[in-house]
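Take a slow turn around the protein below. Then read on with the structure beside you.

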Amino acid sequence: MSRKMLIDGEVSQPNEGEVHYDFDLFVIGAGSGGVRASRFSANFGAKVGICELPFHPISSEVVGGVGGTCVIRGCVPKKILVYGASFGGEIEDARNYGWEVNEKVDFNWKKLLHKKTEEIIRLNGIYKRLLSNAGVKLFEGEGKIVGPNEVEVTQLDGTKLSYSAKHILIATGSRAQRPAIPGQELGISSDEALSLEELPKRVVVLGGGYIAVEFASIWRGMGVSVDLFFRKELPLRGFDDEMRAAVARNLEGRGIDLHPQTNLTELIKTEDGIKVSTDHGEELIADVVLFATGRAPNTKRLNLEAIGVELDKTGAVKVDEYSRTNIPSIWAVGDVTNRANLTPVALMEGTCFAKTVFGDQPSKPDHRDIPCAVFCIPPLSVVGLSEEQAIEQAKGDILVFTSTFTPMKNTVSGRQEKTIMKLLVDAETDKVIGASMCGPDSPEIVQGIAIALKCGATKAQFDSTVGIHPSAAEEFVTMRSVTRRIAAGSKPKTNL
């Protein structure tokens, strides 16, 4: 089949008498981005091969699984545990709604763990079938690049297979990192946290990002004593400060002990558990210590430097706007490029890659206005700019609209937890440039708001939209009064 290829940003027709390759495309890594890119490329007529390590819930250099981090040891199993943990609070809230609930309600961790594992095994099989149905050849083993157009796959028995490919796509994702402190081998990463054989009674979490606050919420919802340590004044650095403060209040309100501006210095195994020491001189005993201190791109074993693929200082693959590396035949998508490390972004990048290389549709991934959610309890969801980002980037004044209220459900249950919503508006154009919400159902609501932002909606258009009543979502279209106006050239008030 004759296909047009993108070369240096231009679409050109391949030469007659082109070199023959075993594959038009070979993908290393069958996570979200790799599977999407390989399937869509095959649908455009490409002959595609893909390799992935054998399945295991906890990743290492020798095990992984089709579906990748998100499906096997990330978003999906995490959300299942969030659902499980949320029932703790729901059962408490049910009492004021007339449900006569026994004072002691038992939680069976092993049952939930079994159900979680069943689901990720099911999804692993679905992803394999998606590849097979698209005509993609799957190889189980470790892949590395040995030349601009050659890959080597080491199979489980140690046998090495070598294949040539016109294009090679790196989609190997990232892996959890551990801090360099004495006793760090006693801690666990999010991989192990999703597969603990026993539910701990006392947990210490180190980190202030998504994973840290989500697991703190999960464990607390299951009745575990949780201490959360992080370096800044508030968790979730990079998010809107007002929303970060709301998350911190909710975490504390749910019974999580927060330790801001505090780091761990040492872990020591004792008869009572793991002794945790901090840089403030505190000592705690925990059954489990979770390190949620960031992730690093999976590039170490790919042989990239030997063949000249440029990496940044974190080890991420450097790519251009089309996801192409400095070597024209080698491309990369997803977390391994360290752009916006979210599953739907990897899917978008994989789609754009396939369109660009095999679909005669040069497509650049659009990393603007990416919605995201933090599945703490209750969750936080945002799209567009935070207030701090808006102040830094604005050329004119910014109008800030906020609404803080007690959700209707909480007025009866008695739960002392408020929802907060925010819209940021460019005063000159009336365009909505950011939206945030911390409260129940925020991801479901903000996904819809994201469409409006992508379409360039104005505040007047929000105001002219009829709300759904009674709902929390209607607050986004009834915020009429400006909370504050920020003059152009202002500086963010906080650096938390």
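Predicted model: local features only at pLDDT ≥ 70, side-chain atom pairs only at ≥ 80, totals over all residues.

The protein chain is divided into three parts by the assignment used here: domain 1 (23-176 + 296-359), domain 2 (179-292) and domain 3 (371-483). Domain 1 is written as two stretches of sequence, 23-176 and 296-359. Find domain 2 and domain 3 on the screen. Their C-alpha centres lie 29 Å apart. The contact between them takes 15 residues from domain 2 and 23 residues from domain 3.

Now go to strand β13, which covers residues 273-278. Is this strand enclosed or open? Of its 6 residues, 5 are buried, so β13 is largely enclosed by the rest of the structure. The cut-off matters here, because a residue is called buried when its relative accessible area is under 20%.

Which strands pair with β13? One of them is β12, residues 264-270. The two run antiparallel and are joined by 6 bridges. They form a hairpin, with 2 residues between them. The other partner to look at is β14, residues 283-286. It pairs with β13 in the antiparallel sense too, over 4 bridges. This is also a hairpin, with 4 residues between the strands. Gly281 belongs to that hairpin and takes a positive phi near 85°.

Glu266 stands opposite Ser277. Ser277 also stands opposite Glu283 in β14.

Next, look for empty space. Rolling a probe the size of a water molecule over the atoms shows where such space is left. The second largest pocket holds about 820 Å³ of space. It is lined by 32 residues, and the closest to its centre are Glu90, Pro379, Lys409, Pro440 and Asp441. Which of them gives the most? It is α3, with 7 residues. By class, the lining has 14 nonpolar, 7 polar and 11 charged residues.

Where does this pocket sit among the domains? Domain 1 and domain 3 both give residues to its lining, so the second largest pocket lies between them.

How many cavities of 30 Å³ or more does a search of the whole structure find? The count is 1. The largest cavity has a volume of about 40 Å³. Its lining is made up of Glu52, Leu53, Pro54, Phe55, Gly65, Val66, Lys128, Leu138 and Glu140. By class, that is 5 nonpolar, 1 polar and 3 charged residues.

Is Ile211 buried or partly exposed? Its relative accessibility is 27%, so Ile211 counts as partly exposed. Leave aside its neighbours within four places in sequence, and Ile211 is in contact with Ser190, Ala292 and Arg295.

Finish with some details of the backbone. The peptide bond from Ile377 to Pro378 is cis, with omega near -5°. Pro378 lies in the loop between β18 (372-374) and β19 (380-384). A cis peptide bond also joins His469 and Pro470, and here omega is about -5°. Look for Pro470 in the loop between α13 (459-463) and β23 (484-486).

Ser323 has phi near 75°, and Asp430 has phi near 70°. Where are they? Ser323 is in the loop between α8 (304-307) and β17 (330-332). Asp430 is in the loop between β21 (419-426) and β22 (432-438). Which is buried, and which is partly exposed? Ser323 has a relative accessible area of 1%, so it is buried. Asp430 has 25% relative accessibility, so it counts as partly exposed.

Conventions: Residues numbered from 1 in each chain as written. Heavy atoms only, no water. Buried < 20%, exposed > 50% of the residue type's maximum accessible area, 1.4 Å probe, protein only. Pairing = 2+ DSSP bridges. 1 Å grid on protein atoms, 1.4 Å probe; cavity = no way out; pocket = protein on both sides within 12 Å on 5 of 7 lines; lining within 4 Å. Points joined across faces, edges and corners; volume = space filled by probe spheres on them. Nonpolar A, V, L, I, M, F, W, Y, C, P; charged D, E, K, R; others polar. Domains from an automatic or database assignment. Contact = heavy atoms within 4.5 Å.
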